[in-house]
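Subject: Structure for you, with notes

Hello,

Please find the structure below. My notes on what was found in it follow.

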Amino acid sequence: MQKHRVLIVEDEQDIAGLIKHTLERSGNAEAEIVGSGDAALKAVTARPPDLIILDLNLPVLGGLEVCRLLRQRSDARHLPIIMLTAKSSESDRVTGLEMGADDYVTKPFSLRELTARVKAVLRRAAAPEERQAAAYTGTHLVADFDAVAVAVDGEPIKLTRREFELLRYLVQNKNRVVSRDRLLERVWGYDRLVETRSVDVHVGRLRQKLGTAGTQIETSIGLGYRFID
Ligand code: CA
C-alpha cells in the first residue's frame with residue numbers, strides 16, 4: 001500500500017519532528033517538514049502532498065494566509081488541510097475554517113488526537129461516499145457532483161472539498177433534517193464526537209457562497225440542517 005504523504009508546516013522544529021515521528025510510526029504515512037509558509041507553497045507546487053498540517057503561527061507568511069493562497073490555486077483547492085492553532089484563539093480557528101481548512105487541532109495537542117484527525121481526513125479524501133447524488137438542478141443552483149461543478153444563476157462557484165461534500169450530502173438527503181453529528185460522521189468521517197462548531201462554520205460559508213441558492217439550506221434549531229428542494 002502506498003504511503004500517504006503529509007506536509008508539516010511548522011517553524012518550531014521540536015514540534016514538527018514530534019508530529020513527523022508520530023505519524024510515521026503510526027504506519028501508513030511519510031512526512032516532510034518545512035519551516036515557513038513560503039517553503040510550504042513551493043513544496044506543494046513541487047509535489048502536492050495528500051495532506052497538509054499547517055501551523056498558524058509562522059514567521060513572515062502566516063498560516064491563515066498560506067491557507068487562503070492554497071485555496072485559490074487549482075492544484076491545491078481540494079488538498080486536505082489540518083490547522084494547528086493556539087487553544088486561546090477561537091477567532092483564529094473560525095477564520096481558519098473560513099479560509100478553507102478542513103479541520104483544526106488546538107495546541108497543546110495530544111498526538112493521539114492529531115493522528116486520529118489525520119486518519120479521518122485521509123479516509124474521507126480516499127473513500128467516496130456510497131450512493132452519492134450525481135447531480136441536482138434547482139431554480140438557482142445547478143450541481144454536477146460527478147464533474148465537481150457547482151453553479152448558481154449560471155455562475156460557477158468555487159467550493160472547497162469539504163463544502164462540496166457537505167452540499168452533496170445535504171442534497172442527497174434533501175427535505176430531511178440532518179443532524180450536526182450525522183454531518184460530522186458522514187462528511188468529516190469522525191467516528192467520535194468532536195466540536196460541532198466546525199459544521200456551523202462550514203454551513204455558514206457554503207450558504208454565503210451559494211448566494212441566491214443559500215436559502216435552500218435551512219437551520220433546524222437544535223436539530224441540524226435541511227436542504228429544501
Ligand atoms: Ca509555529
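Contact here means heavy atoms within 4.5 Å. Helices (H or I, at least four residues) and strands (E, at least two) are DSSP runs, numbered from the N terminus. The model is predicted, so please keep its thresholds in mind: local features need pLDDT of at least 70, side-chain atom pairs count only at pLDDT 80 or more, and totals for chains, interfaces and linings use all residues. Residues are numbered from 1 along each chain as its sequence is written, and side-chain values use heavy atoms, with hydrogens and water left out.

Helix pair

In helix 4, Glu90, Val94, Leu97 and Glu98 meet Arg197, Ser198, Val201, His202 and Arg205 of helix 8. By class, this contact has three nonpolar, two polar and four charged residues (Ala, Val, Leu, Ile, Met, Phe, Trp, Tyr, Cys and Pro count as nonpolar, Asp, Glu, Lys and Arg as charged, and the others, Gly among them, as polar). The axes of helix 4 (residues 90-98) and helix 8 (residues 197-210) come within 9 Å and cross at roughly 45°. Helix 4 is therefore oblique to helix 8. Axes are lines fitted to C-alpha atoms, for helices over the stretch in contact, and angles run from 0 to 180 degrees between N-to-C directions; under 35 degrees counts as roughly parallel, over 145 as roughly antiparallel, 65 to 115 as roughly perpendicular and the rest as oblique.

An open sheet of three strands has the order 10-12-11, with antiparallel pairing; two strands pair if DSSP finds at least two bridges between them. Strand 10 (177-179) and strand 11 are the edge strands, each pairing on one side only. The twist averages 35° from one strand to the next. Four bridges join strand 11 (residues 217-220) to strand 12 (residues 224-227); among them, threonine 219 has tyrosine 225 as its partner, and serine 220 has glycine 224. Three residues lie between the strands of this hairpin, where glycine 222 takes a positive phi near 80°. Helix 8 lies across strand 11 and strand 12, at about 150° to strand 11. Helix 7 (residues 180-188) lies across strand 10 and strand 12, at about 75° to strand 10.

Calcium site

The protein donors of the calcium ion are Glu10 (OE), Asp11 (OD), Glu12 (OE), Asp55 (OD) and Asn57 (O), lying 2.1 to 2.7 Å from it. Glutamate 12 lies in the loop between strand 1 (4-9) and helix 1 (13-25) and aspartate 55 in strand 3 (residues 51-55), so the pair ties together parts that are 43 residues apart in sequence. Donors are N, O and S atoms within 2.8 Å of the metal (3.2 Å for Na, K and Ca); water is not among the atoms, so sites may look incomplete.

Regards
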